[in-house]
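I opened a new page for this chain. I wanted to know how its parts are laid out and how they meet.

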Amino acid sequence: MTVSPPRADLGTHEVSNQPAPRGARDLWAQDLPLRSAIATFGGRSADLARAGAAYGSEELLYAAEEARRDPPRLMLFSRSGHRLDEVRFNAGYHRVMQEASAQGYAGAAWDGQPGGHVTHAAHVYMMNQVEPGVCCPQTMSYAAVPALAADLKLAALWRPRLTSGVYDPATRPIGEKSGATLGMAMTEKQGGSDVRANTTRARRDGDAYRLTGHKWFCSAPMSDGFLTLAQAEGGLTCFLVPRWLEGSRNGIRLQRLKDKLGNTANASSEIEYVDALAYRLGDEGAGVRTIIEMVHHTRLDTAMAPAGLMRAALAEAHWWVSGRSAFQRRLIDQPLMRAVLADLALDWEGATALGFFMAAAFDREDAESRALARIGVALAKYLGNKRCIPVIGEAMEVLGGMGYIEETPMPMLYREAPLNGIWEGSGNVICLDILRSLARDPLAGEVLNATLDAARGRDSRFDAALEAHRARWRSLPPEAEARWFAESLATLLTAAALFETAPDAVAGGYVTSRLTGARGSLPGAVAGLDTEAILQRLG
């Protein structure tokens with residue numbers, strides 16, 4: 001029997017009804033809400049325009065993909081048996097770190113120019129769309145700067161290198177480097193968020209100390225140093241532990257790398273201090289009060305990150321539906337698709353506006369702004385991260401089966417979505433912190449109420465929702481109702497921020513769907529949105 005060869009002209013691999021490849025994207029020029037927020041709150045547009053183009057270049061996007069595809073590897077020993085306690089990274093990781101440093105991610109807030117924290121927040125927002133794994137070491141390096149103010153000598157050595165814009169991953173002591181990163185190691189297995197239960201011990205060694213203990217979570221373990229907590233004679237104390245010493249490694253032993261859900265380009269580890277040399281930062285017994293400055297600033301980034309992640313997911317979904325058709329119509333022209341995307345976009349716009357609203361409070365130095373930043377960043381972190389997971393899940397569904405494929409960014413974004421809600425205090429911790437802040441600092445409540453009152457008169461539905469909130473909460477709620485209280489406050493504060501940055505279609509749509517009860521429990525279950533105006537800002 002003669003078998004005919006397969007025909008080569010059947011056309012089964014002709015590509016149709018697929019969007020054109022996205023390629024490079026300008027994360028600044030193509031993001032109207034970002035530019036509006038920067039114009040409103042005073043960030044440095046020219047610097048961010050350069051950063052947005054660089055972050056979205058094909059070269060950097062490819063480097064980010066390579067960093068995720070080839071995750072960090074733990075190298076405990078050299079081939080000759082000497083301890084290394086190092087982590088090796090793909091070259092793509094180093095390339096993205098280099099670009100983030102050069103563009104000013106860690107240093108922009110501290111260079112003395114106006115709008116530093118707003119500009120920094122924009123770096124966080126954009127870089128989370130490219131490679132969230134580098135945000136951890138960059139954010140901690142940024143946030144360590146105010147904590148270093150507790151010791152002028154240490155600050156003089158470390159601050160210029162943390163803010164230099166130079167990325168130097170070499171294994172050299174800090175005095176020999178022009179650029180550095182600084183991490184944090186607080187969590188222990190027996191205490192978790194209760195750092196006062198830490199058991200790591202510090203003993204004096206001349207002008208320094210020696211630490212012995214185990215830290216359950218230490219992200220970015222190849223940082224040049226770590227701020228950490230240990231029990232000294234005077235109580236729980238903050239220390240700076242250098243990674244490298246003159247002519248030797250410090251007593252920091254890497255136990256293992258954490259096998260995480262996401263954030264795979266970044267290494268997170270367990271470490272053990274074995275008589276590790278450390279320098280005290282602040283007074284003995286004042287450890288929490290000293291390191292809280294670092295925690296406060298990292299919380300700004302955990303409030304800003306979900307806005308960037310939502311933006312990345314929604315931009316991908318919008319690109320997909322704009323270039324794909326079903327049932328003889330483009331997906332973007334389907335009314336139900338438009339309703340879903342517009343509803344999701346309100347959460348992204350809200351998180352973006354509130355994040356930059358808080359960053360602007362960080363830039364102001366008066367007591368009222370500092371109090372607003374303390375309470376407001378916790379509210380922003382709580383609400384933005386609670387909305388991030390369902391928004392990205394729905395955006396993934398927009399792509400259908402392709403949204404579940406690793407060739408798209410959607411699986412990566414979905415795995416990242418829970419992270420910032422956990423880092424620097426999970427939901428319950430944040431809600432309790434909000435109650436404690438309001439109870440301990442009357443100014444925080446006063447400035448928060450003044451901020452909400454300033455938004456009155458913009459929309460009668462907002463005014464009614466604010467009155468309803470105050471009628472229910474004449475005083476602080478019991479602990480069991482802390483989440484309800486925090487969500488209500490954060491949603492009101494988000495609406496107030498949107499009044500400053502967004503058009504009426506967006507701010508009014510947010511009020512309608514989030515404050516009046518006109519929305520169902522699932523995204524897209526809301527009527528009356530101006531989908532045309534909302535989606536124009538997404539595109």
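**Domains.** I looked up the domain assignment first. The chain is assigned domain 1, residues 32-284, and domain 2, residues 289-536. I noted that the model is predicted.

**The interface.** How many residues of domain 1 are in contact with domain 2? I found 47, and they meet 37 residues of domain 2. Next I checked the area. Domain 1 and domain 2 bury about 3,300 Å² between them. Carbon and sulfur atoms carry 75% of that area. On the domain 1 side I picked out Phe41, His117 and Tyr125. These three supply 20% of the area that domain 1 buries against domain 2, more than any other three residues.

**Charges and polar pairs.** I looked for salt bridges between domain 1 and domain 2 and the count was zero.

**Which elements touch.** I listed the elements that each give at least two residues to the side of domain 1 that touches domain 2. They are the helices α1 (32-41), α5 (116-127) and α6 (135-148), with the strands β3 (182-185) and β6 (225-232). I sorted the residues of that side by type: 30 are nonpolar, 16 are polar and one is charged.

**The record.** In the model, residues 17-169 are 54% helix and 7% strand. The end C-alpha atoms of that span are 45 Å apart.

Key. Residues are numbered from 1 along each chain as its sequence is written. This is a predicted model: local features need pLDDT of at least 70, side-chain atom pairs count only at pLDDT 80 or more; totals for chains, interfaces and linings use all residues. Side-chain values use heavy atoms; hydrogens and water are left out. Domain bounds come from an automatic or database domain assignment. Contact means heavy atoms within 4.5 Å. Buried area is the accessible area (1.4 Å probe) that two parts lose on being put together, summed over both. A salt bridge is a side-chain nitrogen of Lys or Arg within 4 Å of a carboxyl oxygen of Asp or Glu. Helices (H or I, at least four residues) and strands (E, at least two) are DSSP runs, numbered from the N terminus. Ala, Val, Leu, Ile, Met, Phe, Trp, Tyr, Cys and Pro count as nonpolar, Asp, Glu, Lys and Arg as charged, and the others, Gly among them, as polar.
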